[in-house]
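Okay, thanks for making time, everyone.

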Amino acid sequence: MTEPRLAGDNIAKPQHASRTDGASPLLGLPASLPLVLDLDGTLITGDLLYLSFFSILRRNPLIVVSCAAWLTRGRAALKRRLAQRQRIDWSRIELHQDVVALAERENAAGRRIVLATAADALLAQKLASRLPWIDQVLASDGEHNLKGANKADLLRKTFPGGFIYAGDSASDLAVWAHAAGIITVNARDAVRAAAAGLGRPTLHLQGRAAAAKS
């Protein structure tokens, strides 16, 4: 497990040793391509921004006023302030078990597993620390909101040889447009159709959920 990679940080960690034939069953793409996972709605069922907000609201209803002020500095700034104050019960976070099973299998086969999320790095790293098969974290850093085109640009710079991307929403289409392989997770029909229309190898997952282990 490494330190989180932030939105402006492009230093890569050494690759895993890959299979001797350089291949993987995942979409027929080589194991040298990392599997990049979105977090909210993809790896987990919920949204860490809202979970962090409501974990604070129970103790401090006036957090709503503070949020309005923080939001004037941008969404990334709001996320960082909430992340610094959150009281999330991490044992109750629900993971999509088919995504976990896929990531564990690919990690064991030598593929690098990357968590790339618009959630704040403090929260993303906290969750990733519970999942030993995650090799690298890319996340919002309080200044840059790692979503949509911003995420696509960072992934293209970080993995110029290509990557496989798993996401769940329309905002992920900007990333899938540059991915070598596409994985949708519990996505709406319109999102699945748009992703399939990009003409890349595609896998659709249902996103079966279960609580994370303590």
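Predicted model: local features only at pLDDT ≥ 70, side-chain atom pairs only at ≥ 80, totals over all residues.

Twenty residues, or 20 if you're taking notes, line the largest pocket, and Asp40, Asp47, Ala118, Lys147 and Ser171 are the closest to its centre. Which element gives the most to that lining? That's E4, with three residues. Helix H1 (48–57) and helix H3 (75–85) are there too, each supplying at least two residues, as E4 does. By class, the lining of the largest pocket has nine charged, six polar and five nonpolar residues.

Let me zoom out for a second. The protein chain has 214 residues, and 50% of them count as buried. Its secondary structure comes to eight helices and nine strands. If you take the contacts with a separation of 6 or more, 63% of them are between residues 24 or more positions apart.

In soluble globular proteins, nonpolar side chains tend to be buried together. In this model the largest nonpolar core has 36 residues, and the ones touching the most other members are Leu37, Leu43, Leu48, Leu115, Trp133 and Ile183. Elements that give two or more residues to this core include strand E2 (35–37), helix H4 (97–108), E4 and strand E7 (181–185). Helix H5 gives the most, five residues. Take Leu115 as an example: leaving aside its neighbours within four places in sequence, its contacts include Leu37, Leu43, Ala124, Ile134 and Val137. Apart from that core lies another, of 18 residues, with Val36, Leu146, Phe163 and Val191 among them.

Phe163 is worth a stop. It's found in the loop between helix H6 (149–158) and E6. Buried or exposed, then, for Phe163? Buried, because its relative accessible area is 1% and the cut-off for buried is under 20%. Beyond its neighbours within four places in sequence, Phe163 is in contact with residues including Leu33, Pro34, Val36, Leu155 and Val175. Gly181 is on that contact list as well; Phe163 and Gly181 are 18 residues apart in sequence and 6.9 Å apart in space, C-alpha to C-alpha.

What does its side chain have at hand? A polar atom of the Thr117 side chain lies 2.8 Å from the backbone nitrogen of Ala119. Not counting residues up to four places away in sequence, Thr117 touches Asp38, Ala124, Ser140 and Lys151, among others.

Last one: Glu106, in helix H4. Glu106 counts as buried too, because its relative accessibility is 0%. Which side chain does the side chain of Glu106 make a polar contact with? That's Arg111, at 2.8 Å. And across the sequence, Glu106 and Leu26 are 80 residues apart, yet 7.7 Å apart in space, C-alpha to C-alpha.

That's my tour, so over to you for questions.

Conventions:
Residues numbered from 1 in each chain as written. Heavy atoms only, no water. Polar contact = N/O pair within 3.5 Å; in protein donor to acceptor, adjacent residues only side chain to side chain. Contact = heavy atoms within 4.5 Å. Core = buried A, V, L, I, M, F, W, Y, C linked by side-chain atoms within 4.5 Å. Buried < 20%, exposed > 50% of the residue type's maximum accessible area, 1.4 Å probe, protein only. Helix = DSSP H or I, 4+ residues; strand = E, 2+ residues; numbered from the N terminus. 1 Å grid on protein atoms, 1.4 Å probe; cavity = no way out; pocket = protein on both sides within 12 Å on 5 of 7 lines; lining within 4 Å. Nonpolar A, V, L, I, M, F, W, Y, C, P; charged D, E, K, R; others polar.
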